[in-house]
Amino acid sequence: YSILVSFGTGEEPRVDGFFHSLDGRDMTYKDLANLKFMTKCIMETLRLWPAVANGTFREIQFDDYIKGPDGKDVLIPKGTYCRVINWSRHRNPELWGADSNEFNPDREWQDTEIWNGEGLRAYNPASERFSPFTFQPRDCIGKNFAHMEMRAILCYLLRDFSFELTDEYSGVDPETFQGVNYGTMGPQDLTQPEMVESLPGWGPPRRKPTGLFVKPLPRK
C-alpha cells in the first residue's frame, strides 16, 4: 500500500534514470546500491509493515535486570525466553517522532538502519529501534536475497507501469488500516467480507482475508 502509493506518485523518474545509467545492459548486484531513495522507501515500508510483526524469541544467557513499573529493577533469570517485538518498537513515537504512524521515507534514519547511506550492502541493517530481519548473529538467512529481489522487481514494475489504488483502498485511513497478523503480516482484503471461512486445516474456522488490489497503468 504505502510503497506503491509513494513510488506511483514520483519514483518513476528515478527508476528511468537508473535504467538509463545501465545503457542497455542487465542490472547487477552492485547497481542496486545506486537506488538510495528506493532503499529509504523499502526500509520505511518494513518499519510500518514488518513481515514478522511479533518478532522472534531469544533465551536470556545470564541473569539480568530491566526497568519495570515506577523504574524499579526487575530480575530476568537466565534461561527466560523473551520476545523482541517489532510492531510496537517500529511505531513508537518516542523512538520515531510524532509521525511514527505515517509513511515518510525521508525521515531521519540512523546510519546502521540504511547501510550508512550506501544504498545496499550484504549485512543486516538494524538498530535498537529497528529490526525488520531480526538481530545478529541469528538474523534472517534470506535477507540479502529479499533486498535484491524487492529492488529488482520494483524497478521493472515501475519502469513499465504506474499504479493507482482501487476504489476499496482509495479512502483508507492509515491510522485504522493496520493489516492482518497471522505470524507474518499481510494487508487486509477490503474487497471481501470482514471475516471469511478458512481453508480446511488452516488456522481458525473464520479469519480476516488478506490481499491488496491496485490498478496497473501502462506507462507510455
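1. Two rings of Phe, Tyr or Trp count as an aromatic pair if their centres lie within 6.5 Å, and planes over 60 degrees apart make the pair edge-to-face. In this predicted model, a search of the whole structure finds seven aromatic pairs.

2. One of these pairs joins Phe18 and Phe19, whose rings are edge-to-face, with 5.6 Å from centre to centre and 75° between the planes. Phe18 counts as buried because its relative accessibility is 5%, and Phe19, with a relative accessible area of 15%, is buried as well. Ring pairs also bring in Tyr156, so that a cluster of Phe18, Phe19 and Tyr156 is formed.

3. Another edge-to-face pair is made by Trp96 and Trp109, at 5.8 Å centre to centre and 75° between the planes. Trp96 belongs to helix 6 (residues 93–96) while Trp109 sits in the loop between helix 6 and helix 7, so the pair ties together parts that are 13 residues apart in sequence. Both Trp96 and Trp109 are buried.

4. The largest nonpolar core has 24 residues, and those touching the most other members are Phe18, Phe19, Met27, Met38, Met43 and Cys155. Two or more residues each come from helix 2 (12–22), helix 4 (36–48) and helix 7 (143–160). Leaving aside residues up to four places away in sequence, Met27 touches Phe18, Phe19, Leu22, Leu32, Ala152, Cys155 and Tyr156. A second, separate core of eight residues includes Leu48, Trp49, Leu165 and Phe177.

5. The second largest pocket holds about 440 Å³ of space, and among its 15 lining residues Arg58, Glu59, Ile60, Gln61 and Cys82 are the closest to its centre. Strand 1 gives the most to this lining, with three residues.

Notes: Residues numbered from 1 in each chain as written. Predicted model: local features only at pLDDT ≥ 70, side-chain atom pairs only at ≥ 80, totals over all residues. Heavy atoms only, no water. Core = buried A, V, L, I, M, F, W, Y, C linked by side-chain atoms within 4.5 Å. Buried < 20%, exposed > 50% of the residue type's maximum accessible area, 1.4 Å probe, protein only. Helix = DSSP H or I, 4+ residues; strand = E, 2+ residues; numbered from the N terminus. Contact = heavy atoms within 4.5 Å. 1 Å grid on protein atoms, 1.4 Å probe; cavity = no way out; pocket = protein on both sides within 12 Å on 5 of 7 lines; lining within 4 Å. Points joined across faces, edges and corners; volume = space filled by probe spheres on them. Phe/Tyr/Trp six-rings, centres within 6.5 Å; stacked < 30°, edge-to-face > 60°.
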